[in-house]
Structure formats: C-alpha cells, structure tokens
Amino acid sequence: LQAMPEILKQYPQTKVYVAGDVITRYKSLMDKIKISSYGKYCLDLIKQSGLEDKVHFVGRLNATEMCERYVRSHVFVSPSSIENSPNSVGEAMLLGMPVVSSDVGGVANMLTHGKEGILYPYHQVDALADAVCQIFADKEKAVCMGQNARKHAQITHDGRTNYARLMEIYQQI
C-alpha cells in the first residue's frame, strides 16, 4: 500500500488484489468498531493515499478461484516483514508468475533474484515500487522470469520427490 502511490505515477491503472479474510469491511458501526488494528491501519493507508478504487479485497477463494486470480495478474507481490517459506510465493511460481518479494526468511532460497523474480529489502518501500515497475516496464523480462520461476518450482515442489525425501528422512530417524 505504501508503494502504490509511486507505482501509480508510472502505471496509473495498477490495482492490488488481496485474497483472504476481508479485514477492512464493515457494514455497521459495530462492525467498524470490531475491525482489527491491522485492518484499521490498512484502511488508513488506503484513505491517505487515495487508493479506495485501487485496492480490492477479494475474500476467501477456493483453489480454482485463487488460480484464476493469480493468472489474471501481472505480478505476484509478497511484501511480508516475516516469512519462512511462503506457500503463496511457491504457488505463484508454479503458475509462472513473476514474483516480487521482500527478502526475508527463506524466500531467497525459493527463487533466484533477477532470474525467477525480484527480491528487495522488506523495509525499503521505494525498492518494492521500483521492482514492480521493472516487471511492468519489460514484458519480455516478466515472461522470462515467470517461465524460470515455473521451471524451478516444478522441481522444488514436486510431490513425488518431496514425498520420497520425507520417507528417507523418517527411515533415517
């Protein structure tokens, strides 16, 4: 949300789609009072930056709906300050999405910066905005990153291989 004003300067039609619980929705005064502090924080950022028509909370999606949401997007962004090995990044990679992610936890082990996506220091909002704009600016690069991400993820997220390795570990233990 903090990077959006900078992105919108170059790409004014950009929109953000957020899956999961709609943490900012309220229908009554009582609902508004019950919004979490994080939901209030997001609402404040949206209002301060005039992003009301740019940020869409899509709610909970089933697997098919989530897949469709991914592939209708130009880039997948994971701006977390704390992560381990985020499934959402792996899912985006499996679908051939170019990924922009904060360089936290194990994310750097999931993708190669510049080849399969772009990593940025999580606290540098300008670096996030720049990374998204790089993806938008060079469609060929974005497609190449997405293809590379898919190839990598098909190896690292292969169910049979991972199951076999898990069984080896249990047998060794």
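Which elements do the buried residues of α5 pack against? In this predicted model, they pack against α4, β3 (76-78), β4 (99-102), α6 (107-110) and α8 (139-156). The legends below start with that helix and then move to other sites.

**View 1. Helix α5 and the elements around its buried residues.**
Helix α5 covers residues 87-94. Val89, Gly90, Ala92 and Met93 are its buried residues. Viewed along the axis of α5, these residues fall within an arc of 160 degrees, so they line one face of the helix. Among the packing partners of the buried residues are two strands, β3 (76-78) and β4 (99-102). Helices α4, α6 (107-110) and α8 (139-156) are partners too. Gly96 follows α5 and has a positive phi, near 80 degrees.

**View 2. Ser78 in strand β3.**
Is Ser78 buried or exposed? Ser78 is buried, with a relative accessible area of 4%. Setting aside residues up to four places away in sequence, Ser78 touches Val89, Val100, Ser101, Ser102 and Tyr120.

**View 3. Helix α3 and its buried face.**
Helix α3 runs over residues 37-48. At 1.5 Å a residue, its twelve residues should span 16 Å. The end C-alpha atoms are 16 Å apart, which agrees. Gly39, Cys42, Leu43, Leu45 and Ile46 are buried in α3. Looking down the axis of α3, the buried residues fall within an arc of 160 degrees, so they line one face of the helix. Ser37 and Gln48 are exposed on the other side of α3. The buried residues of α3 pack against β2. Just after the helix, Gly50 takes a positive phi of about 65 degrees.

**View 4. The salt bridge between Asp21 and Arg60.**
How many salt bridges does a search of the whole structure find? The search finds three. In the pair shown here, the closest N and O atoms of Asp21 and Arg60 are 2.6 Å apart. Asp21 lies in the loop between β1 (16-19) and α2 (29-34). Arg60 lies in the loop between β2 (55-59) and α4 (63-71). The pair therefore ties together parts that are 39 residues apart in sequence. Asp21 is partly exposed, at a relative accessible area of 48%. Arg60 is exposed, at 66%.

**View 5. The salt bridge between Lys9 and Glu6 in helix α1.**
The closest N and O atoms of Lys9 and Glu6 are 3.2 Å apart. Both residues belong to helix α1 (residues 4-10). They are three residues apart, about one turn of the helix. An α-helix has 3.6 residues a turn, so residues three or four places apart point the same way. Lys9 is exposed, with a relative accessible area of 63%. Glu6 is partly exposed, with 40%.

**View 6. The salt bridge between Glu168 and Arg165 in helix α9.**
The side chains of Glu168 and Arg165 meet at 3.1 Å, N to O. Helix α9 spans residues 159-172. Glu168 is partly exposed, at a relative accessible area of 41%. Arg165 is partly exposed as well, at 40%.

**View 7. The aromatic pair of Tyr70 and Phe76.**
A search of the whole structure finds three aromatic pairs. The ring centres of Tyr70 and Phe76 are 5.5 Å apart, and their planes meet at 45 degrees, so the pair is tilted. Tyr70 is buried, with a relative accessible area of 6%. Phe76 also counts as buried, at 14%.

**View 8. Arg69 over the ring of Tyr17.**
How far is the charged end of Arg69 from the centre of the ring of Tyr17? The distance is 3.7 Å, with the charged end sitting over the ring.

**View 9. Gly159 in helix α9.**
Gly159 is partly exposed, with a relative accessible area of 48%. Along the chain, Gly159 and Tyr122 are 37 residues apart. Their C-alpha atoms are separated by 30 Å.

Key: Residues numbered from 1 in each chain as written. Predicted model: local features only at pLDDT ≥ 70, side-chain atom pairs only at ≥ 80, totals over all residues. Heavy atoms only, no water. Salt bridge = Lys/Arg side-chain N within 4 Å of Asp/Glu carboxyl O. Helix = DSSP H or I, 4+ residues; strand = E, 2+ residues; numbered from the N terminus. Buried < 20%, exposed > 50% of the residue type's maximum accessible area, 1.4 Å probe, protein only. Phe/Tyr/Trp six-rings, centres within 6.5 Å; stacked < 30°, edge-to-face > 60°. Lys NZ or Arg CZ within 6 Å of the ring centre and 35° of its normal. Arc of directions from axis to C-beta. Contact = heavy atoms within 4.5 Å. Expected span 1.5 Å × (residues − 1).
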